[in-house]
Amino acid sequence: MKKGFEFLKQLKENNNREWFTKHKSEYDLIVKENKIFFDQIYSELQKHDSLQGIHIFRIYKDVRFSKDKSPYKTYLGAGFSRAKPMLRGGYYIHLEENNSFVGGGFWGPNSQDLLRIRKEFEMDTTEIEKITSDTTFVKYFGELKGEDGVKTAPKGFDKNHPAINLIKKKQFVVMRKFTDKEVLSDDFQKEVIETFSAMRPFFDYMSEVLTSDLNGEPVF
């Protein structure tokens with residue numbers, strides 16, 4: 001990844017098509033190396049989970065609706081999705097100089113799933129609180145993160161509900177940051193896999209919620 005960071009640093013300073021075209025061969029080598037790295041993580045995850053696929057993000061940006069018209073991303077990333085519909089949640093790894101992290105969860109649940117999650121938290125937060133207060137969860141992620149969808153309360157929910165901070169969320173994600181030194185260490189792949197593994201209780205609980213009704217009856 002050292003070569004990758006060096007390339008990305010130069011790209012950040014020369015984010016234009018002319019420079020990238022001249023250095024395309026360097027980028028292609030980095031892509032091949034990282035594909036091996038991502039594929040190895042995928043294989044390790046498959047030993048203990050059921051994945052639907054791996055998506056390695058392209059470096060080319062879609063600038064149609066962006067104020068920043070620089071054509072290239074300055075990071076490398078890959079996502080690993082679980083086998084739907086029974087298994088929910090997605091794993092993500094982001095490699096960028098001074099901003100690398102491993103994350104996972106539910107970035108943009110559709111309206112039906114979001115309502116189901118909110119209804120679950122309205123009814124009972126015992127299980128999610130148990131998961132997010134577990135020592136392993138706290139060690140790797142600190143706390144459950146994600147943007148709030150509303151300032152007070154979603155329509156139909158009591159703004160004074162004890163779990164309103166959970167109910168307001170429109171995202172339910174976890175994240176662990178890594179320093180450049182950690183990314184470049186020999187143990188990095190092992191740490192990534194262990195971090196992903198630490199997400200499993202959270203994923204499995206949310207999967208159970210999203211595949212059952214409020215009475216706990218399966219919907220698939």
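User: Why is V219 called partly exposed?

Analyst: In this predicted model, V219 has a relative accessible area of 46%. Buried would require under 20% and exposed over 50%, so V219 falls in between and is partly exposed. V219 is placed in the segment after α10 (200-210).

User: What makes V219 part of a nonpolar patch on the surface?

Analyst: Patch residues must have over 30% relative accessible area, and V219 has 46%. V219 forms the patch with M86 and F220, and together they have about 310 Å² of accessible area.

User: Why is the pair of F20 and Y72 called stacked?

Analyst: The ring centres of F20 and Y72 are 4.2 Å apart, and their planes are at 20 degrees. Centres within 6.5 Å make a pair, and planes under 30 degrees apart count as stacked; therefore the pair is stacked. F20 and Y72 are both buried.

User: What makes this pair a link between distant parts of the chain?

Analyst: F20 belongs to helix α2 (residues 17-22), whereas Y72 lies in the loop between β1 (51-56) and β2 (76-82), 52 residues apart.

User: Why is the aromatic pair of Y92 and F101 called tilted?

Analyst: The planes of Y92 and F101 stand at 55 degrees, with 5.8 Å centre to centre. Stacked needs under 30 degrees and edge-to-face over 60, so the pair is tilted.

User: How do you know whether Y92 and F101 are buried or exposed?

Analyst: Y92 has a relative accessible area of 13% and F101 one of 15%. Buried means under 20%, so Y92 is buried, and F101 is buried.

Definitions and conventions:
Residues numbered from 1 in each chain as written. Predicted model: local features only at pLDDT ≥ 70, side-chain atom pairs only at ≥ 80, totals over all residues. Heavy atoms only, no water. Patch = residues over 30% accessible without salt bridge, like charges linked within 9 Å, V, L, I, M, F, W, Y side chains within 5 Å. Areas by Shrake-Rupley, 256 points an atom, 1.4 Å probe, with all protein chains shown as cover. Salt bridge = Lys/Arg side-chain N within 4 Å of Asp/Glu carboxyl O. Helix = DSSP H or I, 4+ residues; strand = E, 2+ residues; numbered from the N terminus. Buried < 20%, exposed > 50% of the residue type's maximum accessible area, 1.4 Å probe, protein only. Phe/Tyr/Trp six-rings, centres within 6.5 Å; stacked < 30°, edge-to-face > 60°.
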